[in-house]
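Subject: Handing over a structure

Dear colleague,

I am passing this structure on to you, and below it you will find notes on what turned up in it. Please read them with the structure open beside you.

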Amino acid sequence: MADEALFLLLHNEMVSGVYKSAEQGEVENGRCITKLENMGFRVGQGLIERFTKDTARFKDELDIMKFICKDFWTTVFKKQIDNLRTNHQGIYVLQDNKFRLLTQMSAGKQYLEHASKYLAFTCGLIRGGLSNLGIKSIVTAEVSSMPACKFQQKFCHPYFLLPSSPR
């Protein structure tokens, strides 16, 4: 429980630190999201490397996405993804009905515009994890009612695994 509280506090401080530097004119606002996503990307790469070092090779993209939704998500957020959907053409939607990084914010609509700040790191986390499994992707997040959110993941490469994949 203590490690979860530390993660939430660290995440909040990362977001506020990046945006405070933007207010001081060091970084423009649009670049804050990119900076947070890049931080998440690097963390995602490292976590996937650690989590998959003793696992068997994944046989297809659905297996990878199931791993992300079950094992990876459980380790990072202490619960599985609530729903995984796909169109079987490289687009997956991961739905978390009670996303931990948004639960500290009010359930009211007044904070909906600030939700993207708190989702950028996680988009990078997913993208970095998939990247380390040999999948180039685009990950976006959408919030319609707090604290539920959907992460849409789209493969950018027509092939499942790139030839240089470490897995």
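Helices here are DSSP runs of H or I with at least four residues, strands are runs of E with at least two, and both are numbered from the N terminus. This is a predicted model, in which local features need pLDDT of at least 70 and side-chain atom pairs count only at pLDDT 80 or more, while totals for chains, interfaces and linings use all residues. Residues are numbered from 1 along each chain as its sequence is written, and side-chain values use heavy atoms, with hydrogens and water left out.

Serine 116 belongs to helix α5, and its relative accessibility of 40% makes it partly exposed (buried means under 20% relative accessible area, exposed over 50%, and partly exposed in between, with a 1.4 Å probe and protein chains only). Between the C-alpha atoms of serine 116 and alanine 141, which are 25 residues apart along the chain, the separation is 7.4 Å.

Asparagine 132 is also placed in helix α5, which covers residues 115-132, but asparagine 132 is buried, at a relative accessible area of 16%.

Turning to the aromatic rings, those of Phe, Tyr and Trp (its six-membered ring) pair if their centres lie within 6.5 Å, and planes under 30 degrees apart count as stacked, over 60 as edge-to-face and the rest as tilted. By this rule there are 8 aromatic pairs. The rings of phenylalanine 58 and phenylalanine 67 have centres 5.3 Å apart and planes at 55°, so this pair is tilted, and both residues are buried.

With kind regards
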